Amino acid sequence: MPLEAGLLEILACPACHSPLREEAEELVCTGGTECGLAYPVRDGIPVLLVDEARRPG
């Protein structure tokens, strides 16, 4: 289930404060190679905890 556009506009990566983009069931940091964490979305709710994030690759 896609997130509302207004919500996605105000969310930012908690680690580096870069914008996030929606991919499948997670929000991915657009901060490039220095971050790039992927945060899960569970039951339509983004879990923006660094400890819960997946590292790229």
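**View 1. Strand S3 of the predicted model, a mostly covered strand.** Spanning residues 38-42, S3 has four buried residues out of five. Among the elements of the protein, S3 also carries the highest mean pLDDT, at 95. In a regular strand, the side chains alternate between the two faces of the sheet.

**View 2. Pairing of strands S2 and S3.** S2 covers residues 26-29 and runs antiparallel to S3, to which three bridges join it. Glu26 stands opposite Pro40, a residue of S3.

**View 3. The hairpin formed by S3 and S4.** S4 is made up of residues 45-46 and pairs with S3 in the antiparallel sense, over two bridges. Arg42 has Ile45, in S4, as its bridge partner. Two residues lie between the strands of this hairpin. In the turn, Asp43 has a positive phi of about 55 degrees.

**View 4. Cys16 and Cys29, two cysteines without a disulfide bond.** The cysteine sulfur closest to that of Cys16 belongs to Cys29, at 3.4 Å. A disulfide requires the two sulfur atoms to be within 2.5 Å, so this pair is too far apart for a bond. Seen from the other residue, Cys29 is in no disulfide, and its nearest cysteine sulfur is that of Cys16. A search of the whole structure likewise finds zero disulfides. The two residues also have their accessibility assigned: Cys16 counts as partly exposed because its relative accessibility is 28%, whereas Cys29, at 3%, counts as buried.

**View 5. Ser18 in the loop between H1 and S1.** Helix H1 consists of residues 5-10, and strand S1 of residues 20-23. Ser18 has a relative accessibility of 16% and therefore counts as buried, the cut-off for that class being under 20%. Leaving aside neighbours within four places in sequence, Ser18 is in contact with Ala12 and Cys13, and also with Cys29, Thr30 and Gly31. One of these contacts, Cys29, is itself buried.

**View 6. Confidence of the prediction across the protein.** The mean pLDDT of the protein is 89, and 98% of the residues score at least 70.

Notes. Residues numbered from 1 in each chain as written. Predicted model: local features only at pLDDT ≥ 70, side-chain atom pairs only at ≥ 80, totals over all residues. Heavy atoms only, no water. Buried < 20%, exposed > 50% of the residue type's maximum accessible area, 1.4 Å probe, protein only. Pairing = 2+ DSSP bridges. pLDDT = per-residue confidence, 0-100. Contact = heavy atoms within 4.5 Å.
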